[in-house]
Amino acid sequence: MSLSLEQVQRIAHLARIEVSAAEAEATLSRLNGIFQLIEAMQAVDTRGVEPMAHAQDLSQRLREDAVSEPDRRVAFQAVAPETEAGLYLVPKVIE
Amino acid sequence: MIERSLKDLAAALAAREISSVELTGLYLERIARLNPDINAFVTVDPEKSLAAARAADSRIAAGAAGPLTGIPIAQKDIFCAEGWLTTCGSKILSNFVSPYDATVIRKMHAEAGLVPLGKTNMDEFAMGSSNETSYYGPVRNPWDRQRVPGGSSGGSAAAVAARLAPAATGTDTGGSIRQPAALCNLTGLKPTYGVVSRYGMIAFASSLDQAGPMARSAEDCALLLNVMAGFDERDSTSLERPTEDYFAGLEKPLDGLRIGLPKEFFGEGCDPAVMAGVRAAIAEYEKLGAQTVEISLPNSHLSVPAYYVIAPAEASSNLSRFDGVRYGYRAPEYGDLNDLYAKTRAQGFGAEVKRRILIGTYVLSHGYYDAYYLQAQRIRRLIADDFVAAFKVCDVILGPTSPSPAFRLGEKAADPVQMYLSDIYTIAVNLAGLPAISIPCGFVAEQGSQLPIGLQLIGDYFSEGRLLNVAHRYQQATDWHRRAPEAI
């Protein structure tokens, strides 16, 4: 299979990465090269094979539903681009 | 001093032959002198390092030292370390001073008393096999400065190879500890998935990522793994197991060891000079009492294709957290919220990271999920089952770590697929979640340079101790691992 330029733009939008027309063009041929590599999988008959999501087939641990971490909001927000009154600032979402 | 093993350095510190401050100073001086050319470190902070060294000296004086207290170590810049710039090789984290410690960092420094020498360069978000995707520039291989050190833990490998640090940490998602170890003449161990905590280790592909030691010998790696390994409730995939002493079994004789040689690793596609080094090592192992048995990993040729679906899929999800809102880089100009995300990520990520996010987004998207992502997960199962079958007839599996010695800077940078094939022997191990180690096994003379070759030993789940033992016995019979590059 190979991707189209429109598909590249569509995926880039889903991934929230702005790409210029020139970038999309350059990316397209590289991505198609990678998809050619991936295609080798398609010939394999995997009917009846259980998909493996994880190296160890373990169930998730549960812990007590209790506070286990101290409040470090100030330290964590100190590394944010823009905060105010303990909130993260972003452009207005609702008019 | 710079050629001493960690065990000998610890003995020198205990005997007050040298202080941690002196030892740390010696390495900081070497870093100041040699790093501008090699570019192994992206951050050094001598004041912080020396403060930690002074604390280690007090601990030694008080008789409260652990086996590695006072020994300096380089940390891959993928580990969050409180108060340290933690970039993961990316522009998007170029201003990120971590407010907390990764578990590996806490265990090594706060608990074991190792001294942090600085943060090492790496491929951006660990996506690369040459260290050329770093925002902070490529790392040069100390064995030939026109060549790559491998990746993604290329800075860690070059730092130890150039004797800018006695040892370093790395992380391995598809070969990122083992391949640079092979290309820089080091010993590098990727533990079983879940043995070392991933808490505070910036995630690339969470079901594959695993941290491990990179050092000059298996003995050094055993001492480091003793400090790094262990259950961590802050990592939901950390395994609850009894504590193991990886040092204790190093000397065990190899009589009767069954070494599996996968025919797929000894066919075409490998540099003949690399293969010759690996074959010579097999002969050495036979002298040490091991037997060889031919095995097959029939689906191993599918590991690279399956990996380049699974790893980008997980990466596209993991890297969605970098959005310019809570930490890291934010684009200086933007319109609405979507534009803030799209511009921040366009400017903050490099080309290879963007490619992988796009692949991941595609294979997880509606209509393609079954054909790509589920198919890759089924193939992952076939690959893991191949190993299960193999370990019924052998104890360890041996083959080359990398199909070629270190390549030239720029040689594969333009072709992602060529770069990906550099990990052809290492990736299956991550998909299965197994432990594996790369150890030096010779040199190739190429255009006036001596380039190291590495061999890989793969073990069954939780066989780190056995792998270190098998590597250590070989290193007692050979001296490849002791060789250092000239002009360092």
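This is a predicted model: local features need pLDDT of at least 70, side-chain atom pairs count only at pLDDT 80 or more; totals for chains, interfaces and linings use all residues.
User: OK, chain A. How many helices and strands?

Analyst: Chain A has three helices and two strands, in the order α-α-α-β-β from the N terminus on. Those are DSSP runs numbered from the N terminus: H or I with at least four residues for helices, E with at least two for strands.

User: And is it compact or spread out?

Analyst: Chain A is more spread out than a compact globule, because its radius of gyration is 22 Å, well over the 12 Å that the globule rule gives for 95 residues. That radius is taken over C-alpha atoms, and the rule is 2.2 Å times the number of residues to the power 0.38. Buried residues make up 15% of the 95 in chain A. Buried here is 20 or more other C-beta atoms within 10 Å of the residue's own, exposed is 12 or fewer, and partly exposed is in between, with C-beta atoms placed from the backbone.

User: Where does chain A touch chain B, in terms of elements?

Analyst: The contact takes 40 residues from chain A and 54 residues from chain B. Two residues are in contact if their C-beta atoms, placed from the backbone, lie within 7 Å. On the chain A side, the elements giving two or more residues are H1 (5-14), H2 (21-38) and H3 (73-77) of chain A. H2(A) gives the largest share, seven residues.

User: What's that side made of, by class?

Analyst: The side of chain A that touches chain B has 28 nonpolar, six polar and six charged residues. Ala, Val, Leu, Ile, Met, Phe, Trp, Tyr, Cys and Pro count as nonpolar, Asp, Glu, Lys and Arg as charged, and the others, Gly among them, as polar.

User: Switching to chain B. How many helices and strands there, and how compact?

Analyst: Chain B has 15 helices and 11 strands. Its radius of gyration is 21 Å, close to the 23 Å that the globule rule gives for 488 residues, so chain B is as compact as a globular protein of that length. Of those 488 residues, 63% count as buried.

User: Which residues of H1 in chain B are buried?

Analyst: In H1(B), residues 6-14, the buried ones are Leu6(B), Leu9(B), Ala10(B) and Leu13(B). They sit on the same side of H1(B), because they cover an arc of only 100° around the axis, going by the directions from the helix axis to the C-beta atoms. Their cover includes H2 (20-38), H3 (46-61) and H7 (218-228) of chain B.

User: Last one: is Thr43(B) buried or partly exposed?

Analyst: Thr43(B) counts as partly exposed, because it has 19 C-beta neighbours inside 10 Å. Thr43(B) is placed in strand E1 (residues 41-43) of chain B. Leaving aside neighbours within four places in sequence, Thr43(B) is in contact with Asp77(B), Trp84(B), Leu85(B), Gly118(B) and Lys119(B).

Note on methods:
Residues are numbered from 1 along each chain as its sequence is written. Chains are lettered from A and ligands numbered from 1 in the order in which they are written.
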